[in-house]
2 protein chains.
Amino acid sequence: MFEPSRNENLRAMKVLVTVLPKPSVLDPQGAAAAEAIRHLGLTGVGRVRIGKVIELELPDSTPDSEIHRIAKDLLSNPVIEDYSISK
Amino acid sequence: MFEPSRNENLRAMKVLVTVLPKPSVLDPQGAAAAEAIRHLGLTGVGRVRIGKVIELELPDSTPDSEIHRIAKDLLSNPVIEDYSISK
């Protein structure tokens, strides 16, 4: 017999956690990238910020609160970085 | 007189370039993060990949081809990384 609900917890989803420096924090790496982009001919470029992205494979049943806990406690530094989560 | 088309080129958009290691490339940083996440109690975590994200402020009129050029030539290493662009 087909029991779809049995496998619900085994299905995986991909979650992207994006971590960027807070707007008030200096980002010299981003400033250097902006300068390089201007040299490549895209003179209209404004602010550039460089951060990291973490792609997680998690069970479908993972509660959002757990994902936020991981993002806050492990993947970002809340003093200088903001994170966002997308599924 | 109000001329909205005059300012079209001055309007800025935010573009996110996400750069992740290709699936076939070893990602020791991601493996370490996966291990740390398991230690934090999320035992169901699968593969973790860590990449970078670049947020660009560009004029609205910037053609997609230019954004791809920047992403390919400057922001990523096509040998070991894939990039994606979202606006």
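Begin with the salt bridges: a search of the whole of this predicted model finds 10 of them over all chains. Side chains of opposite charge can pair when their charged atoms come close.

**Stop 1: a salt bridge within chain A.** Select A:Lys22 and A:Asp82 and display their side chains. The two meet in a salt bridge, with an N to O distance of 3.1 Å. This pair links distant parts of the chain, for the two residues are 60 residues apart. A:Asp82 belongs to strand β3 (residues 81–86) of chain A, whereas A:Lys22 is in the loop between β1 and α1 of chain A.

**Stop 2: A:Pro23.** Now select A:Pro23, which lies in the loop between β1 (12–21) and α1 (28–39) of chain A. Which residues is A:Pro23 in contact with, leaving aside its neighbours within four places in sequence? They are A:Arg47, A:Arg49 and A:Asp82. A:Asp82 is also the salt-bridge partner of A:Lys22 from the previous stop.

**Stop 3: the paired strands.** Select β2 in both chains. Strand β2 (residues 48–59) of chain A and β2(B) pair in the antiparallel sense over 9 bridges. Within this pairing, A:Glu55 has B:Arg49 in β2(B) as its bridge partner. Then select B:Glu55 and A:Arg49, which form a salt bridge with their closest N and O atoms 3.0 Å apart. Between chain B and chain A the count is 2 salt bridges, and 10 residue pairs are in polar contact, both residues being at pLDDT 80 or more.

**Stop 4: the side of chain B that touches chain A.** Colour chain B by element. Those giving two or more residues to this side are β1 (12–21), α1 (28–39), β2 (48–59) and α2 (64–75) of chain B. The largest share, 12 residues, comes from β2(B). By residue class, the side of chain B that touches chain A divides into 17 nonpolar, 5 polar and 7 charged residues.

**Stop 5: the whole interface.** Show both chains as surfaces. The contact takes 29 residues from chain B and 29 residues from chain A. About 2,600 Å² is buried between the two chains, and carbon and sulfur atoms give 68% of that area.

**Stop 6: the axis.** Finally, view the two chains together. What rotation superposes chain B on chain A? The rotation is 180°, with 0.0 Å of shift along its axis and an RMSD of 0.0 Å. The two copies are therefore related as by a two-fold rotation axis. To find the axis from chain B, select B:Lys52, whose C-alpha is the nearest to it in that chain, at 2.0 Å. The same surface serves both copies, as 100% of the contact residues of chain B recur in chain A.

Technical notes. Residues numbered from 1 in each chain as written. Chains lettered and ligands numbered in written order. Predicted model: local features only at pLDDT ≥ 70, side-chain atom pairs only at ≥ 80, totals over all residues. Heavy atoms only, no water. Least-squares fit on C-alpha atoms with pLDDT ≥ 70 in both. Contact = heavy atoms within 4.5 Å. Buried area = accessible area lost by both parts, 1.4 Å probe. Salt bridge = Lys/Arg side-chain N within 4 Å of Asp/Glu carboxyl O. Polar contact = N/O pair within 3.5 Å; in protein donor to acceptor, adjacent residues only side chain to side chain. Helix = DSSP H or I, 4+ residues; strand = E, 2+ residues; numbered from the N terminus. Nonpolar A, V, L, I, M, F, W, Y, C, P; charged D, E, K, R; others polar. Pairing = 2+ DSSP bridges.
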